[in-house]
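Please describe the surroundings of the ligand in this model and the arrangement of the strands and helix beside it.

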Amino acid sequence: MNALELKNITYTYSKKTPFEHTALKNVNAVFKAGQVNGLIGHTGSGKSTLVQMMNGLLKPEEPGQVLLFGKNIWDEPKKIRDIRFRVGLVFQYPEYQLFEETCEKDIAFGPKNMGLSEDEIKRRVNGAAEFVGIDQSLLAKSPFELSGGQKRRVALAGVMAMEPEVLILDEPAAGLDPIGREEVFGGIRSYQKTKENTVIIVSHSMEDVAAYCDNLTVLKDGQIMLTGSCGDVFKHERELTECGLGVPKISTFMRLLRENGIDVKDGIYTVDAALDEILRLLKKDDVEKKDGGNKNA
Amino acid sequence: MLKDITLGQFFPGNSALHKADPRMKIILTMLYIVFVFLAKATLSYIFVVFFTVVLVIISKIKPVIILKALKPLIFIMIFTAFFNIFWTKGDSTPLFEYKFIKIYKEGIVFAVLMIVRIACILTGSCVLLTYTTSPIALTDGLEQLLAPLKKIRVPVHEFAMMMTIALRFIPTLIEETDKIMNAQKARGADFNSGGLIKRARALLPVLIPLFASSFRRASELATAMECRCYRGDKGRTRMTKLHYKPVDLFLLILMVTFGVIIIVINIYLIDILNFSV
Ligand SMILES: Nc1ncnc2c1ncn2[C@@H]1O[C@H](COP(=O)(O)OP(=O)(O)O)[C@@H](O)[C@H]1O
Ligand SMILES: [Mg+2]
């Protein structure tokens, strides 16, 4: 089932001024329910613009439509705020929007706006903090005292606490060190595993989307360039390299092995999978050698 | 979008006014305003309009842009004119009389001249200064014009630097505000409903992050400036020195001629067109 379906989305910034700039041109895309969807494109390709369409922060030009579980979100413009609770959007560098005295209060901002009961808010704040690995002692602190990675995770929790049906993250790992990245993606994964909700991860790192996403949509200059499973998308190595994105290094590595006559499987794009495949081949070789030896004897 | 509000209003170009020295343009603007106020006779007003049109032509700024700038002030102009019509008393018999309301010919003439004066001053100072001078050049010019005040310990350089930095960060701040507002809207913040107090409270989630990031930016900028050995005005040299050029002299002569003509009209030709005020 499709959680979100975008139809003929076009968007122009600063329309009718000398600074007019068309960021999206007739984009059609679907994002599958219950999966981790990747949205990838180089800087300036319109990723952030596209995700702001999905929760109604930007309105597509006519006749564009954004369908949330089959229903156009602009059918009732007055109720667009409810859409934002159902489609949670974490902006790029979300730590710059923290404002409350304590992390706990900041995470509670969204649920409070939803008008939930105190108990429910408490439950959700604790749940969200647990997903992203922020422990109780940190909740009472001011968000301005935390480290960069911690702030980022508190900001993520602020949106997760609304328990949106679709969670969108715009470059969630941008500017973090490897440990910070792992913690952020770990948080997203544990949220998705538990809630089984739809997640959309925006990124320009092929390595990240290869590791965490079930399917990919590639955006180039405001248009959809490719879409499909990770394996399918990474088969277009040449096109992806031409538009400056590339494919995961391990994917190139496996292709080179194959081209040099080593019989590795097609469609491998994570280091772990590559390791398994190579070990499998080595074992097979061993077995064959042994078999061969026995026959000769 | 907040970003669509244009600020500074500088329109890059290569006209004589664009090329002129910002110091000269500041002086010219002041002279211009004084001369317009000196104009008394109707004839001099006609001349003021003529001269302003000449300035617009020299600046090569499209008239549409100027009309756009005047648009928001139409209300003020009409308001002023309206009062002048009813408040001016003339010697002749009123053109229109209803109970205590009396409208004289002089009132109407005065109201029209008033509108002309406001429109001309606005247009003139826009093309002389704001439309043709980049904000940075403007503060630079201001700093150097006011440099003599340094002798009496007025921190002219510091003020100019503050102004430059403020101008530089206005677009950045607007963009940032836009971003934070969107981020809070995504968490269900509602900026457009409720009473005054509720709306003011709703702005807190925007203002606090905005202040926080402004402080962060300020401290980063200060560090960066120190790393590049900025230590205030003392011993500071300039990359672009301001020089008066022939074009500045030309503009000055033009402006002085304008002033002289206005004064001559005031003294000798005041009665040529009958409805002087
Ligand atoms: N608020 C804005 N005003 C004008 N242009 C914008 C604005 N935001 C983005 N753009 C332009 O739209 C294009 C797409 O931007 P964006 O969606 O942020 O790309 P991405 O997130 O993929 O880097 C860029 O060329 C950018 O310059
Ligand atoms: Mg972006």
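## Polar contacts of the ligand

A polar side-chain atom of Ser48(A) lies 2.6 Å from an oxygen atom of ligand 1, a polar contact being a pair of N or O atoms within 3.5 Å. A backbone N or O atom of Lys47(A) is 2.9 Å from an oxygen atom of ligand 1, and for a polar backbone atom of Ser45(A) the distance to a ligand oxygen is 3.3 Å. Taken alone, ligand 1 exposes 560 Å², of which the protein buries 72% (Shrake-Rupley method, 1.4 Å probe).

This is a predicted model, in which local features need pLDDT of at least 70 and side-chain atom pairs count only at pLDDT 80 or more, while totals for chains, interfaces and linings use all residues. Residues are numbered from 1 along each chain as its sequence is written, chains are lettered from A and ligands numbered from 1 in the order written, and side-chain values use heavy atoms, without hydrogens and water.

## The shell around the ligand

Ligand 1 lies between chains A and B. Of the 12 residues around ligand 1, those that come nearest include His21(A), Gly44(A) and Thr49(A) (a heavy atom within 4 Å). Helix 1 of chain A gives the most to this shell, with three residues (helices are DSSP runs of H or I, at least four residues; strands are runs of E, at least two).

## The sheet and its helix

Four strands of chain A form an open, antiparallel sheet in the order 2-1-4-5 (strands pair if DSSP finds at least two bridges between them). Four bridges join strand 1 (residues 2-13) to strand 4 (residues 65-68) of chain A. Lys7(A) has Gln65(A) in strand 4 as its bridge partner.

Note on methods
A polar contact is a pair of N or O atoms within 3.5 Å; within protein, one must be able to donate a hydrogen and the other to accept it, and residues adjacent in sequence count only if both atoms are side-chain atoms.
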